Amino acid sequence: MIDAIKSAADDVYPEVVALRRELHQHPELSGEEHETARRVAEWLDDLGLDVRTGIHGTGVVGTLRGGQPGPTLLLRADMDALPIHEETGLDFASEQDGVMHACGHDLHMSSLLGTATILARHREKVHGQVRICFQPHEERIPGGAKFMIEEGVLDAADDGPAPTAAFGQHVKPDLPPGTLGVRPGAFMASTDEVYVTVEGEGGHAATPHDGVDPVYVASEIVGALQSLVSRRCPPDVPSVLTIGRLVADGATNVIPDRARLEGTFRAMDETWRFRAHALFRQLVHRTAEAHGATAEVEVREGYPVLHNDGATTTLVQKAAREYVGPDRTVDADQWFAGEDFAYVLQECPGTFYQLGVGSEHGLHTSQFDPDEEALRTGAGFMAYLAWRYGHEHASS
């Protein structure tokens, strides 16, 4: 079957590339993926899949019923673009000013539609049902995955029982095109946002003793917060806290009344994650109090830690070595980016893996330019993975 799938992947590759370029030219922001969803649904409908639209607004699910008995499997791609002005100079660059597929979601969609095409061509040999899910709103918290789950994408339905596994892939610029990166366990970080407002007492810059300087207090808080990871976090738990914004609207001779801090907190462990929230609030309040100021603290919970299931990840590793070879299957490092596919993996065993695209420029940059040769592997490997999972679990 692997040879048949590789042959089909080569055959559909030109269509997948053309589709990727079409999607890249017409990106849509989170929650606005209307034309993207229409195009995706049209493609799935042409393949003869049962198509459901309008899930959490623009989400689309197509169900492929295999010719052999077996389990239900979920495959997922995300659809939204980023508010970035493209500077690649490509012939098919974004036609939407200030909007770009800079995170590879155009590759995710075109790969998965290629996967659907391959599976449809070999429908009689597919075991069970494959739910092919196109999710909106990944780039903006709270994310579309959570709401699609609430609307039943992981439930039993007329098209079959609930999924017993879920798979997704994400492009990785620093891996060679077509290389697959796989890691069991905690793979991608939680993504919480932190906001602090320090209230002091402003005045003339020449008389700081007459007030409480919130700029100084905010600076002390930034320094003190570094101990949260270095001294309070268990040494075997990767974690990072970065304050990326400090705003204090004073002047060279004016001490303002308040200062604002904004940042991100990321962790690879859910227990430490929530303990850190409490410690963060405590440290900020006590540091402000020590200097005669007050502080308001807000922690906005983002995506949870993405945890790859052991059994399904072992399957992905074996399938990857079979499909692309051991030399192009790598052990992925923990990745401190966040992903709302984590919500799916909290409810259903599964694996999220990396697809190398060999780009000199990274994700979320205006010059991100992946090698489209990766689409050959992106479409073909997921089709093989879906077939292999169904074949192995046909009796369940």
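**Cavity, pocket and strand pairing in a predicted model**

One cavity of 30 Å³ or more is counted in this structure, where a cavity is a set of points on a 1 Å grid over the protein atoms alone at which a 1.4 Å probe fits but cannot get out. The structure is a predicted model, in which local features need pLDDT of at least 70 and side-chain atom pairs count only at pLDDT 80 or more, while totals for chains, interfaces and linings use all residues. Residues are numbered from 1 along each chain as its sequence is written, and side-chain values use heavy atoms, with hydrogens and water left out.

The largest cavity holds about 50 Å³ of space; grid points are joined across faces, edges and corners, and a volume is the space filled by probe spheres set on the points. Its lining, made of residues with an atom within 4 Å of a point, consists of Leu74, Arg76, Cys133, Gln135, Ala145, Met148, Ile149, Val153, Leu154 and Val344. By class, eight of these are nonpolar, one is polar and one is charged; Ala, Val, Leu, Ile, Met, Phe, Trp, Tyr, Cys and Pro count as nonpolar, Asp, Glu, Lys and Arg as charged, and the others, Gly among them, as polar. Strand 3 (68-78), strand 4 (127-135) and helix 4 (144-150) each supply at least two lining residues, and helix 4 gives the most, with three. Helices (H or I, at least four residues) and strands (E, at least two) are DSSP runs numbered from the N terminus.

One of the cavity-lining residues, Val153, is found in the loop between helix 4 and strand 5 (165-172). Val153 counts as buried because its relative accessibility is 6%; buried means under 20% relative accessible area, exposed over 50%, and partly exposed in between (1.4 Å probe, protein chains only). The C-alpha atoms of Val153 and Val61 are separated by 8.0 Å, although the two residues are 92 apart along the chain. The loop between strand 4 and helix 4 contains Pro142, which is joined to Ile141 by a cis peptide bond with omega of about 15°.

Turning to open space, the largest pocket has a volume of about 440 Å³, a pocket being an open set of points with protein on both sides within 12 Å along at least five of seven lines. It is lined by 23 residues, of which Glu139, Thr191, Arg266, Gly338 and His364 are the closest to its centre. Strand 8 and strand 12 (258-267) are the elements that give two or more residues to this lining. The pocket lining divides into nine nonpolar, six polar and eight charged residues.

His364 is also of interest for its backbone, with a positive phi of about 65° although it is not a glycine. This residue sits in the loop between strand 16 (350-356) and helix 9, and His364 is partly exposed because its relative accessible area is 42%. His56 likewise has a positive phi, near 50°, and lies in the loop between strand 1 (50-55) and strand 2 (59-65). At 24% relative accessibility, His56 counts as partly exposed. For context, most residues other than glycine have a negative phi, and most peptide bonds are trans.

Strand 8 (residues 192-199) runs antiparallel to strand 13, with seven bridges between them, and antiparallel to strand 12, with eight bridges; two strands pair if DSSP finds at least two bridges between them. Val194 has bridge partners in both neighbours, Val299 in strand 13 and Gly263 in strand 12. Glu199 is partnered by Thr294 of strand 13. Six of the eight residues of strand 8 are buried. Strand 13 (residues 294-300) has a covered face of Ala295, Val297 and Val299, and an uncovered one of Thr294, Glu296, Glu298 and Arg300.

Helix 9 is mostly covered, with 16 of its 19 residues buried. Its residues 374-392 should span 27 Å at 1.5 Å a residue, and the end C-alpha atoms are 27 Å apart, which agrees; the expected span is 1.5 Å times one less than the number of residues. In helix 2 (residues 34-46) lies Arg39, which counts as buried because its relative accessibility is 17%. The Arg39 side chain makes polar contacts with the side chains of Glu22 (2.7 Å) and Glu42 (2.9 Å). A polar contact is a pair of N or O atoms within 3.5 Å; within protein, one must be able to donate a hydrogen and the other to accept it, and residues adjacent in sequence count only if both atoms are side-chain atoms.
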